[in-house]
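Subject: Structure handover

Hello,

Here is the structure I promised to pass on. Please open it alongside these notes.

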Amino acid sequence: MSLTERPPATSAPAKKLPVKQRYSLLTRDLDWEPSYVNRADLYPYTSYEGIVVHDWDGWEDPFRLTVDAYHKYQSEKDKRLYAVLDSFAQSQGHLTLSDASYLNSIKLFIQGVTPLEYAAHRHFAYLARYLEGPAPRFAALCQSIDELRHAQTQIHTISNYNKYYGGFHSWSKMHDRVWYLSVTKSLFDDAMSAGPFEFLVSISFSFEYLLTNLLFVPFMSGASFNGDMPTMSFGFSAQSDESRHMTLGLEAIKFLLEQDEANVPIIQGWIDKWFWRSYRMSALVAGMMDYMLPKPVMSWKEAFELYFEDQMLGGLFPDLAYYGITPPRHVQDAIAEKDKLSHEVYKILHNFSFAAAFTTSTPSDDHMAWLSAQYPDTFDRYYRPTWEKHRSVEAGGGRVFFQGLPQLCQVCQIPIAFTERDDPTRISFRHSEFRGETFHTCSDGCQWIFDREPEKYVQAWLPVHQIYQGNCGGPTVPDVLAWYGIQEGDNGEYAGSPDQQQWAEWHQPAKGGN
Amino acid sequence: MTEQTTLRPVGIDLQESEENRALIDAIKADNPELTVRHMPGLVKLQAAGQIVIKRETVEARLGRPWETGEFQLAIVSYAGNFSEWDDDQIIVRWKH
Amino acid sequence: MQYELRYQVIEPRRHTYQNVIDRLGDQPASRYLEGTLDVEPRENFHYRPTWAKDRELYDARYSALRLDDPYSFLDPRQFFYTPYVTSRATMHDEFGKTLAYLEERNLFGRLPDGWRALAATVVVPLRHFESGAQLVSVAGARFAHGTSIEQCCTFAAFDRIGNAQMLSRVGIALGNGGGDVLASAKLDWQHADHLQPLRQLIEEVMVLDDWAEGLLAVDAVDRLLYPLLYADLDEAALLGGAGAYSLVAQHFTAWFKDQRRWLDALVSAWRGDERHGGANAAVLDRIDTEWGPRAATAVAPLLAVVQQEVQA
């Protein structure tokens with residue numbers, strides 16, 4: 001419109017734009033084709049992965065959240081959440097947990113999960129800058145700020161527990177240094193160091209859609225069953241953000257598959273890799289939900305069957321078959337080991353918790369009865385005998401901790417303690433050669449991942465190697481624990497720990513006479 | 001869109017709260033085959049093929065104007081696709 | 001009647017997280033500090049970025065501007081997620097009320113010609129400048145060193161989209177509810193003479209490697225543009241029968257004031273840093289010398305429109 005033309009001042013009733021068009025004007029339409037710089041200089045990272053996009057406008061936004069609506073809804077959610085946190089703190093609600101030992105699961109959560117929320121916050125900002133389409137960029141920006149919300153609300157939710165219990169105090173430093181946390185740290189480092197499309201598929205799709213329920217429902221439900229109202233409230237509050245994230249993940253995968261046939265095998269490869277990579281990480285959740293909850297919610301096996309086999313293999317993958325996508329490679333291995341996974345992982349944590357920022361215990365008779373009922377094919381035959389051995393050692397005043405350091409898988413970085421698919425008594429152990437050196441992995445899945453990108457995985461900062469190389473504070477266990485930031489009472493056996501002793505004290509029946 | 005829609009179950013999980021009572025009633029009214037499961041703090045809705053949420057129905061039960069955008073405050077989780085979301089209705093279904 | 005509630009007193013083992021204790025002593029700490037200090041990972045990264053092979057995932061070298069301790073800068077507003085969205089919910093709610101008020105009374109339709117021309121051909125096209133500023137700010141959200149700085153960049157990025165959406169809604173209102181004014185504003189952004197220097201500037205800033213330089217280059221424009229178009233025109237708008245312009249402008253003036261608080265504090269922190277202050281000052285001076293005049297050149301034609309349309 002030139003400066004000389006003026007539309008008449010009108011009092012005609014305003015038209016109302018349809019939602020989709022209005023949203024487009026407020027988001028996509030802000031973008032423009034640059035002419036003073038090259039597009040390739042503005043978006044330098046969108047072709048090196050081999051993904052082809054012909055038309056970024058094909059991206060659909062089912063959640064049409066404008067900035068003002070975002071702020072309105074999110075501030076309302078936070079008001080409600082923080083009211084719960086404040087009230088729980090004020091009423092000393094931690095005294096109503098099922099048991100102090102429950103908090104070991106939350107220690108694992110803040111040490112292992114909270115840093116990943118923060119990592120997602122940082123790297124969705126990367127997508128918000130470097131994806132070429134304005135619509136997915138804006139969706140990524142919203143997700144970035146959502147993830148900051150999750151990281152910070154978790155820090156604040158858990159802040160109250162930190163005042164009274166061990167293991168919470170140095171979560172960020174521990175995520176950088178402690179052996180079991182390299183499992184989670186390396187997963188997100190893997191995604192962040194990859195290109196933008198792989199990050200989108202790995203996190204938005206594999207993590208936030210495919211496996212999200214398997215990863216989060218156990219923690220949140222565990223909270224609910226064990227009297228942890230703040231964590232449960234956080235879980236509910238975060239879930240509505242997660243719906244948007246799931247939608248982004250699903251839209252991302254479909255958009256890329258629809259853009260060009262050449263994308264299909266690349267994306268299939270990422271789905272295969274990231275299913276296994278995230279599944280292996282979820283082994284920590286398996287150990288937690290079967291062994292660390294005084295009041296268990298459901299078994300890992302049951303959760304895996306419901307949230308993965310039924311909902312994903314039964315619901316989502318038939319949908320994706322339309323594009324030529326098949327269920328993830330190695331998924332049968334995951335299904336085959338669902339009766340074993342949690343037991344094998346918890347044994348590692350139990351035997352090494354002298355070096356962890358949480359405590360562990362041998363399961364009680366009641367707990368073993370529950371495990372027996374949940375795992376009729378494996379528990380009594382393969383795992384009960386070992387736990388009973390631990391029990392008799394403990395009855396004599398001892399406690400078995402592994403004397404030495406474990407070999408770690410080069411990819412998932414979990415100690416190599418998983419067993420062969422057909423033989424629960426044989427450790428599953430693979431190796432690969434690269435540049436004249438031998439590297440070890442824990443499974444067919446991790447070996448396959450290593451072999452397709454060895455130049456990446458040989459870079460890993462493996463905690464056990466680093467200890468032996470003298471990079472972790474010194475040559476003795478106390479040196480390493482000090483470097484980890486572990487304090488007295490954080491680690492080892494739960495029975496007799498400061499957490500357990502003070503719990504007993506706080507819950508003593510009232511003394512007579514007053 | 002007239003392609004054959006599958007009858008695989010779709011689901012929506014909503015927060016169980018005073019504000020969502022009317023919303024849940026409206027969804028029940030517009031989806032006769034809906035199953036509803038109440039859990040602590042959570043309501044799980046499930047139906048074969050699709051679930052429809054209509055603004056008019058919600059408004060009638062709520063007693064005040066309601067924007068489909070407000071649905072974001074209520075939702076906890078879902079299984080399916082948001083295949084439509086405009087001023088008047090939201091539809092969750094699988095695409096293929 | 002007043003009563004005193006008795007409860008079981010349990011002494012805490014510690015008052016806050018260890019990293020906060022190490023910095024500030026064992027006392028209760030604010031949510032801002034707990035949610036900001038030392039959150040960003042520092043060491044032992046597993047893989048180098050395939051998109052930046054000579055850097056780590058978090059790396060001070062993404063900018064020439066450095067702080068010895070990244071947390072020597074803290075946001076004077078103490079914004080973590082919750083107070084940020086709460087503050088912006090209020091801001092946007094007020095803007096929505098302003099817009100509704102103006103639309104109901106057809107006050108956009110009744111703007112005097114010159115003010116309407118200014119709004120349609122200068123102010124509304126700036127929605128694209130804000131969109132570009134968002135791209136620049138979000139680079140800081142990813143690449144700034146330390147959570148205290150990146151958090152401010154994150155919020156600034158979201159603010160810029162917020163500003164772009166506010167300007168777009170003004171454009172829709174000016175178009176009596178339709179997209180015409182936005183369409184012609186976009187054509188102006190792409191082709192009209194008076195906007196090309198600014199568009200060229202923001203495009204060149206968007207491709208800068210150093211996120212901090214980008215942020216400061218945009219700020220060089222903001223420091224000219226915001227007073228020019230909003231704060232300094234408020235009086236004239238009211239006296240000139242353009243109340244709608246004044247009412248809209250106040251929201252942008254308020255945002256700009258808030259933006260200054262953290263950005264000015266960051267620049268001070270860079271200049272005053274014990275270890276890097278000297279080197280930083282040289283970089284900051286170079287950025288001023290380079291982008292200050294460019295910003296003035298870009299804003300000059302917009303100033304000309306202001307003078308022609310509303311100050312004649």
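First, a term: a residue is buried at under 20% relative accessible area, exposed at over 50%, and partly exposed in between, using a 1.4 Å probe and protein chains only. Helices (H or I, at least four residues) and strands (E, at least two) are DSSP runs, numbered from the N terminus.

This is a predicted model, where local features need pLDDT of at least 70, side-chain atom pairs count only at pLDDT 80 or more, and totals for chains, interfaces and linings use all residues. Residues are numbered from 1 along each chain as its sequence is written, chains are lettered from A and ligands numbered from 1 in the order in which they are written, and side-chain values use heavy atoms, without hydrogens or water.

Chain A, helix α13

Helix α13 of chain A covers residues 283-291. Nine of its nine residues are buried, so the helix is largely enclosed by the rest of the structure. Among them are A283(A), L284(A), M288(A), D290(A) and Y291(A).

Chain A, two loop residues

Most residues other than glycine have a negative phi. H330(A) is not a glycine, yet its phi is positive, at about 75 degrees. H330(A) sits in the loop between α14 (300-321) and α15 (331-336) of chain A. Its relative accessibility is 17%, so H330(A) counts as buried.

Q413(A) also is not a glycine and has a positive phi, of about 70 degrees. The loop that holds Q413(A) runs between α18 (379-395) and β2 (419-420) of chain A. Q413(A) is buried, with a relative accessible area of 1%.

Chain B

Chain B has three helices and seven strands. From the N terminus, their order is β-α-β-β-β-α-α-β-β-β. The radius of gyration of chain B is 13 Å, close to the 12 Å that the globule rule gives for 96 residues, so chain B is as compact as a globular protein of that length. That radius is taken over C-alpha atoms, and the rule is 2.2 Å times the number of residues to the power 0.38. The C-alpha atoms of chain B fill a box of roughly 35 × 30 × 20 Å along the principal axes. Of the 96 residues in chain B, 48% are buried.

Between chains

Contact means heavy atoms within 4.5 Å. No contact joins chain B and chain C. Their closest C-alpha atoms lie 15 Å apart.

Best wishes
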